[in-house]
Amino acid sequence: MSSAALAPPRTLVGQTAAPGLVLGRIVELDERAAPVGLPPVVPLDEAIAEAVRQLRALRDVTDVTDDADAQRLIEFQIEFLGDPTLLEPARAALAAGADAATAWCRAIDAQIDDFAAADDDYFRHRVGDLRDMRERVIAVLTGGSVGALRLPPDAVLLADDLAPSRFLATDWRPGQAVLLRGSSPTAHVALLARARAVPMVVGLGDMVIEPGEWAIVDGGAGTVALAPDGAQRADFARRRACADDEQRREAAAAARVATTHAGERVQVMINVATLDELDGVDPAICDGIGLVRTELMFAAGPPDEATQLDFYRRLLAWAGGRPVVVRTLDAGGDKPMPGVTVDGETNPFLGVRGVRLSLAAPELFKVQLRALLRAAAAGALRIMVPMVTRPDELLQVRRLLAQATSELAAEGRPFASAPLGLMVEVPAVALSLEAFDADFASIGSNDLLQYTMAAARDNPAVSALADAAHPGFDALLRLAVKTAAARGLPLSLCGDLASRPAHVPRLLAAGLRSLSVPAAAVGAVKSAISEWR
Amino acid sequence: MNNGTMVEDSVLLLHAAGLHARPAVTLTKLAKTFSARVQIAAAATGPWVDAKSVVKVMGMKTPARTQLYVRAEGDDAAAAVAAVVKLVNDDFIGGPE
């Protein structure tokens, strides 16, 4: 009864982003707090100098003629960071004994507040650049991980939104959960939460919860019971025990080869964004990696060829001969990238994103292609291009691959050719797969669904319209499967749809026999496959 | 401020977006090529800010069609003021790279 004295029980309803049941206590994320518990490894001046070096490197790989705006933005950041005036508040804080990160936050947050309050749009829009600078310098100060959170073991983290880099930097433990006022089930952070099996409810809207209040989070139902009473707690304990049982059954299912009830083999691969997601994952549970997201590698500026090569080689080593499908940089849309993506687009989802961005910055793109070709010498690597719309885009990628190949040959570096495939995200592509010169294709269901249903996946108000059961979407899927089968084009689906067991029968009925899902969902998806008849 | 003469001039800022990121960067880079102390203001009475600091110049948040005041003090003060005025008149084209 002690909890009832704190506040009456109430239930909040949001949207499910990652399933799981947790009883814990609310911790509010203070976005403006300096990162805690991290030693100031680098003095502030050196961190600023390093941030400027990173920006200069970024500027040097950005094509002036093709991307003058990006160049100007980088130039602005370089000048801003290089201005001693900026650090005046930080010097005062350092003199008063603050650590470098706190001092830096004080200086840059003063600027952010100042620009956020501007009347003029031009000045208000610079807040995004200032935030980039803030995060870049913090990343340098803290040895590369942006804003790791240190949370109590039973923390239910409450925030407006959570940056994917911050989610990844945090060491999540079973028993913790995340509640977001904004965001959506298809946001990047939600994908990561599913991959890491951190229960997450999003789109809760504006509300206040007292820190320290008890909460039962049901990620699968998208609900939060605050200040639960005895009956609710008993119910939680019962359901938690059931869930644990189910988890054991899924773990057993994950270890088996996926076949339908009739014995038909279905390929189940996994989606990966970082190497640490693979910690504790047995490669034997999957048929390879069906989607490697490379955006997070670019979060602190474009990585050089050697860094990329190392990442791809480690993935291939983990996969042990199984195929690894690497998606080339898919920035833009809901994944802006400082200095790379175009700022101020009125509709970024219909703008310069994915391969459109890569082809606009061919020098940056070629670094990735070179690293991929070099890695291909070490295993079954496949290259997959996002947001392809017209057949000539794929041809342009082939030409760049050919250029990279002759460069590598001339330099005498070992490399191997790799199959080239495309993501099917644009409805026009799903309708005309026969027109594309590809070695394989994979349906990106999140984007294909949002473009088919005209429902932005970052807008909770229309997420009910992003209905995969719509006959129009089903017809599109079936047509793509049929065209691919007629051409002998291997077709998979690596979107979010495949990871939700309730949708698996629909995908199998449409004819798909290859799915790629977060590692945490493999067991549940294989169970759903084995039950399908 | 006790050696050298103060040179002062003013110019109408016509750049559509005001003194935003790119013009501010161009202006501060130009100001830094002079040894004189260069300041700008959005009113004849100030407040005056260091034209070599992009943080200060951006912080003015000067909109288009503002009369911009430029003053400088030091050896090359006259050249500095003339160059800044010309840059604003030329719509920020032709500054140092």
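A residue is termed buried if 20 or more other C-beta atoms lie within 10 Å of its own, exposed if 12 or fewer do, and partly exposed in between, with C-beta atoms placed from the backbone. By this criterion B:Arg65 is exposed, with 11 other C-beta atoms within 10 Å. The structure is a predicted model, in which local features need pLDDT of at least 70 and side-chain atom pairs count only at pLDDT 80 or more, while totals for chains, interfaces and linings use all residues. Residues are numbered from 1 along each chain as its sequence is written, and chains are lettered from A and ligands numbered from 1 in the order in which they are written.

The secondary structure of chain A comprises 19 helices and 16 strands; helices (H or I, at least four residues) and strands (E, at least two) are DSSP runs, numbered from the N terminus. Chain A has 533 residues, of which 46% count as buried. Two residues are in contact if their C-beta atoms, placed from the backbone, lie within 7 Å. Among the contacts in chain A with a separation of 6 or more, 68% involve residues 24 or more positions apart.

Helix H14 (residues 391-411) of chain A has 21 residues and spans 31 Å from its first C-alpha to its last, close to the 30 Å expected at 1.5 Å a residue; the expected span is 1.5 Å times one less than the number of residues. Its buried residues are A:Leu394, A:Val397 and A:Ala404. These cover an arc of only 75° around the axis, which puts them on the same side of H14(A), the arc being that of the directions from the helix axis to the C-beta atoms. The other side of H14(A) carries exposed residues, including A:Asp392, A:Arg399 and A:Ser406. The partners of the buried residues of H14(A) are helix H12 (355-360), helix H13 (362-376), strand E12 (381-385) and strand E13 (420-424) of chain A. Just after H14(A), A:Gly412 adopts a positive phi of about 70°.

Helix H17 (residues 471-487) of chain A, with 17 residues, reaches 24 Å from its first C-alpha to its last, close to the 24 Å expected at 1.5 Å a residue. A:Phe473, A:Leu476, A:Leu477, A:Ala480, A:Val481 and A:Ala484 are the buried residues of H17(A). Viewed down the axis of H17(A), they fall within an arc of 130° and so line one face of the helix. An α-helix has 3.6 residues a turn, so residues three or four places apart point the same way. The face of H17(A) turned away from the buried side bears the exposed residues A:Pro471, A:Gly472 and A:Ala486. Packing of the buried residues of H17(A) is against E13, H15, strand E14 (440-443), helix H16 (445-453) and strand E15 (491-493) of chain A.

A:Glu425 lies in the loop between E13 and helix H15 (427-430) of chain A. This residue counts as buried, with 27 C-beta neighbours inside 10 Å. Leaving aside residues up to four places away in sequence, A:Glu425 touches A:Pro386, A:Met387, A:Gly444, A:Asp447, A:Leu448 and A:Tyr451. A:Met387 is 38 residues from A:Glu425 in sequence, yet the two are 6.0 Å apart in space, C-alpha to C-alpha.

Helix H10 (residues 230-254) and helix H19 (residues 522-531) of chain A pack at an angle of about 75°, their axes 7 Å apart; axes are lines fitted to C-alpha atoms, for helices over the stretch in contact, and angles run from 0 to 180 degrees between N-to-C directions. H10(A) is therefore roughly perpendicular to H19(A), a term for angles of 65 to 115 degrees. H10(A) contributes A:Glu250, A:Ala251, A:Ala253 and A:Ala254 to the contact, and H19(A) contributes A:Val522, A:Gly523, A:Ala524, A:Lys526 and A:Ser527.

The contact between the chains takes 14 residues from chain B and 14 residues from chain A. Helix H1 (21-31) and helix H2 (54-59) of chain B each supply at least two residues of the side of chain B that touches chain A.

Several backbone features were also noted. Most residues other than glycine have a negative phi, and most peptide bonds are trans. A:Ser183, although not a glycine, has a positive phi of about 65°; A:Ser183 lies in the loop between strand E5 (177-180) and helix H9 (188-196) of chain A. B:Arg65, likewise not a glycine, has a positive phi of about 60°. A cis peptide bond, with omega about 5°, joins B:Gly46 and B:Pro47.

Notes: Parallel < 35°, antiparallel > 145°, perpendicular 65-115°, else oblique.
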